[in-house]
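Thanks for coming. Please keep the view open while I talk.

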Amino acid sequence: MEQRIVILGGGTGGTLVANRLRRTAGPGVRITVVDQDDNHVYQPGLLFVPFGLANPGELIRSRGRQLHRGIEYRPGGVHRVDTEQNRVHLSDGATLDYDVLVIASGARLLPEETDGLTGPGWLTNVFTFYTLSGATSLAAALAAFDGGRLVVNVVDLPIKCPVAPLEFCFLADWYFRQRGIRDKVRLTYVTPLDGAFTKPVASRALTGLLAAKDIELVTEFNTGTVDGTGGKLVSFDDREVDFDLGVVVPLHGGASYVGRSAGLGDEFDFVPVDKHVLQSVARPDIFVIGDAAAIPASKAGSVAHFQGEVVAHNILRYLAGAPLDARFDGHTNCFVESGFGKALLIDFNYETEPLPGRFPGAVGLPLLRESRLNHLGKRMFGWLYWHALLPGHDIPGVRTDMPLRGKPDLTPAKS
């Protein structure tokens with residue numbers, strides 16, 4: 001009898017797990033991917049658009065064309081999931097029955113949840129680079145900006161790619177120095193965290209880099225209102241940060257259909273799962289990959305990549321009635337673009353914070369240190385994304401589990 005796998009989301013996680021499954025599953029497995037449109041956006045490229053370092057049109061490709069032959073692609077929205085009947089209700093009234101459901105619908109921006117953010121000033125002196133249209137509009141605003149205070153604000157966590165707002169600050173410093181007006185621009189990074197990053201060692205390194213580039217850091221700022229007309233952020237405890245140009249990373253949530261599906265998601269519409277096997281805590285026939293998962297890992301493309309092998313393997317084990325034996329350790333790997341043709345690299349998992357050393361081994365890329373090599377790695381990732389990561393291939397030398405080699409604090413001493 002045919003076994004049916006339905007994947008909700010044709011972004012990074014949904015595409016790579018569908019392709020992995022198609023290669024390894026037998027002919028009796030039918031795979032269907034659903035997404036609201038056919039526009040697959042390379043989201044890491046959005047960071048570069050405001051600075052003229054990426055062409056917006058080159059960041060979009062067809063979702064359907066990224067899927068291997070033998071995978072059905074259905075454009076359209078999802079209304080809700082009936083977990084008791086194993087049925088997906090689509091927005092057009094159609095239904096899809098499944099034996100295994102994969103939720104890969106990512107995170108969505110919720111700018112309307114912050115008072116004033118989408119009011120007067122939105123796309124005039126308040127922008128976000130987390131959408132293609134926002135990044136494109138911000139490019140024009142930056143080109144016309146000739147002085148004043150530029151504030152980069154993270155409203156709340158979790159967000160997609162938590163280092164991206166820091167990268168924006170570093171690139172803005174480089175951009176204005178290239179234009180010869182850095183002395184006329186005051187750069188400020190405003191975060192709800194008590195430091196530049198969530199992990200202590202990395203936070204100290206990134207805080208030091210902000211200071212070295214004369215970028216002001218405002219911490220523990222929980223944004224309640226964005227006043228575009230008055231040019232200021234107001235926190236819930238009535239602190240204020242003035243700006244001439246605001247770059248805001250809005251609140252994030254899971255897909256709206258999750259909230260309409262009884263028992264599936266949490267209060268933010270993310271889906272709780274076992275953080276190691278990535279199986280829903282609500283239903284054993286539901287698996288989650290990427291940003292949609294409510295786990296203590298970064299919402300980053302590398303996480304979806306490392307999860308892909310685990311999810312695909314465990315799905316086939318589940319369909320075969322076998323124990324789930326693949327485990328995800330929270331491995332996260334992020335390049336942090338720092339401007340002037342350099343970048344840092346951080347590598348960590350659930351148990352280990354980002355540490356100095358090298359990745360993936362003793363002669364690899366430097367960790368927590370600016371280098372030209374890391375910048376080239378960041379720029380090369382675009383090619384790897386389309387040609388290796390999305391097709392579901394393994395990247396040579398880069399394992400699912402976080403490597404210990406190259407990290408002196410973790411490598412056992414030789415006796």
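Let me start with one crossing: α2 passes α3 in a right-handed crossing. A crossing is called right-handed if the near helix is turned clockwise from the far one by less than a right angle, and left-handed if anticlockwise.

Before going on, some ground rules. This is a predicted model, in which local features need pLDDT of at least 70 and side-chain atom pairs count only at pLDDT 80 or more, while totals for chains, interfaces and linings use all residues. Residues are numbered from 1 along each chain as its sequence is written, and side-chain values use heavy atoms, with hydrogens and water left out. Helices (H or I, at least four residues) and strands (E, at least two) are DSSP runs numbered from the N terminus.

Back to the first pair. Two packed helices are described by the angle between their axes and the distance between the axes. For α2, residues 132-144, and α3, residues 164-178, the angle is about 40 degrees and the axes are 12 Å apart. Here axes are lines fitted to C-alpha atoms, for helices over the stretch in contact, and angles run from 0 to 180 degrees between N-to-C directions. That angle makes α2 oblique to α3; under 35 degrees counts as roughly parallel, over 145 as roughly antiparallel, 65 to 115 as roughly perpendicular, and the rest as oblique. On the α2 side, L138, L142 and A143 meet F168, Y175 and F176 of α3, contact meaning heavy atoms within 4.5 Å. By class, this contact has 6 nonpolar, no polar and no charged residues. In this scheme Ala, Val, Leu, Ile, Met, Phe, Trp, Tyr, Cys and Pro are nonpolar, Asp, Glu, Lys and Arg are charged, and the others, Gly among them, are polar.

α3 also packs on α4, residues 200-212: their axes come within 10 Å and cross at roughly 25 degrees. That makes α3 roughly parallel to α4. This crossing is left-handed. L166, C169 and F170 of α3 make the contact with L206, L209 and L210 of α4. The class count for α3 with α4 is 6 nonpolar, no polar and no charged.

The next pair is α1, residues 12-24, and α6, residues 301-319, with axes that come within 9 Å and cross at roughly 35 degrees. The contact includes L16 and R20 of α1 and H305 and E309 of α6. Its residues divide into 8 nonpolar, 6 polar and 2 charged. α1 passes α6 in a right-handed crossing.

How many cavities of 30 Å³ or more does a search of the whole structure find? There is 1. On a 1 Å grid over the protein atoms alone, a cavity is a set of points where a 1.4 Å probe fits but cannot get out; a pocket is an open set with protein on both sides within 12 Å along at least five of seven lines; lining residues have an atom within 4 Å of a point. The largest cavity holds about 60 Å³, with volume being the space filled by probe spheres set on the points, and grid points joined across faces, edges and corners. Among its lining residues are V154, L157, Y189 and F197. That lining divides into 9 nonpolar, 1 polar and no charged.

The second largest pocket has a volume of about 350 Å³. Of its 22 lining residues, P158, I295, P296, A297 and S298 are the closest to its centre. Its lining has 14 nonpolar, 5 polar and 3 charged residues.

P158 comes up again in the backbone. Most residues other than glycine have a negative phi, and most peptide bonds are trans. L157 and P158 are joined by a cis peptide bond, with omega about 5 degrees, and P158 lies in the loop between β12 (148-154) and α3. The bond from F359 to P360 is also cis, with omega near 0 degrees. Finally, L123 has a positive phi, near 65 degrees, and is found in the loop between β10 (108-109) and β11 (126-127).
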